[in-house]
Amino acid sequence: MQNEQYRNLDSLGQAREMAEEHQLHEVQKQGYDWDERYKVKDLPWDTGLVAPELSEYYAALAPQEKPAAVLEVGCGTGTNAVWMAQQGAKVNATEIAPTALEQAVARAASLQVKVDFHLLDICQKDPVEAGSQDFVFDRGVYHVIPQESRPLFASKLHKALKPGGRWLCIAGSKDEARENPEVGPPQLSALELLSETEPFFELISLGRTYFVLPDGKKYLAWKALFQRRK
Ligand SMILES: C[S@@+](CC[C@H](N)C(=O)[O-])C[C@H]1O[C@@H](n2cnc3c(N)ncnc32)[C@H](O)[C@@H]1O
């Protein structure tokens, strides 16, 4: 398994080379499915509210620590991207689903907020210049990436960030027993999350949070803050 290969690597350079190589392999095409979900409005994750983990992260920063350049991957309908731009960041936001991106563009325009939106598969293309971003935000995206592509995803975020740049990742947690694991966000164990990202990121903090959905359901999640390795 790709994941096992990464777990056993002790050389950061080797891990990065493998992630780049993996790009040559087929990365699962998810665009159609995701777009379909936006088209039929099957969007249990889309709260329309700023993610509390994001606003809490910002609130804990001193004014001079607020990120100037931000990348949001899988921005959905753009609530968090627009909010970060309103906090003064230059925001780049990506989506694989055109319908989501259209709504995100409309949201930014209606609020007269500037966000640079990019329609792309984050595992395939780089939305920003290498080493240009202070902060990456991902709510519910890492956990939907097929396991074999997650090292590539992590390598893309590593590439986008400045040395020492941070990635806040909100991902479903396997520590929650569910009657039907098919219902609710995908679930990762702490070991999966940390071993997959370890070649590219130092862990700053790992805590519990919840995806609180508009229908009132709550799902246990990880709130992981990573820092780019050099
Ligand atoms: C669970 S939704 C979360 C959306 C948004 N972050 C939110 O919290 O509302 C996952 C999002 O990731 C997007 N996505 C999935 N795979 C992607 C990829 N490879 N590149 C970019 N976006 C992707 C989907 O289109 C979807 O909008």
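Q: Which residues touch the most other members in the largest nonpolar core?
A: In this predicted model, Ala81 and Val136 do so, in a core of 52 residues. A nonpolar core is a set of buried Ala, Val, Leu, Ile, Met, Phe, Trp, Tyr and Cys residues joined through C-beta atoms within 7 Å. Buried denotes 20 or more other C-beta atoms within 10 Å of a residue's own, and exposed 12 or fewer, with C-beta atoms placed from the backbone.

Q: How are residues numbered, and which pLDDT is needed for local features?
A: Numbering runs from 1 along each chain as its sequence is written. Local features need pLDDT of at least 70 and side-chain atom pairs 80 or more, while totals for chains, interfaces and linings use all residues.

Q: Turning to H6, which of its residues are buried?
A: Ala100, Leu101, Ala104 and Ala108 are buried in H6, a helix (a DSSP H or I run of at least four residues). They line one face of H6, because they fall within an arc of 95° seen down its axis, taking directions from the axis to the C-beta atoms.

Q: What does the face turned away carry?
A: That face of H6 has the exposed residues Ala106, Ala109 and Ser110.

Q: And just after H6, which residue takes a positive phi?
A: Gln112 does, at about 55°.

Note on methods: Helices (H or I, at least four residues) and strands (E, at least two) are DSSP runs, numbered from the N terminus.
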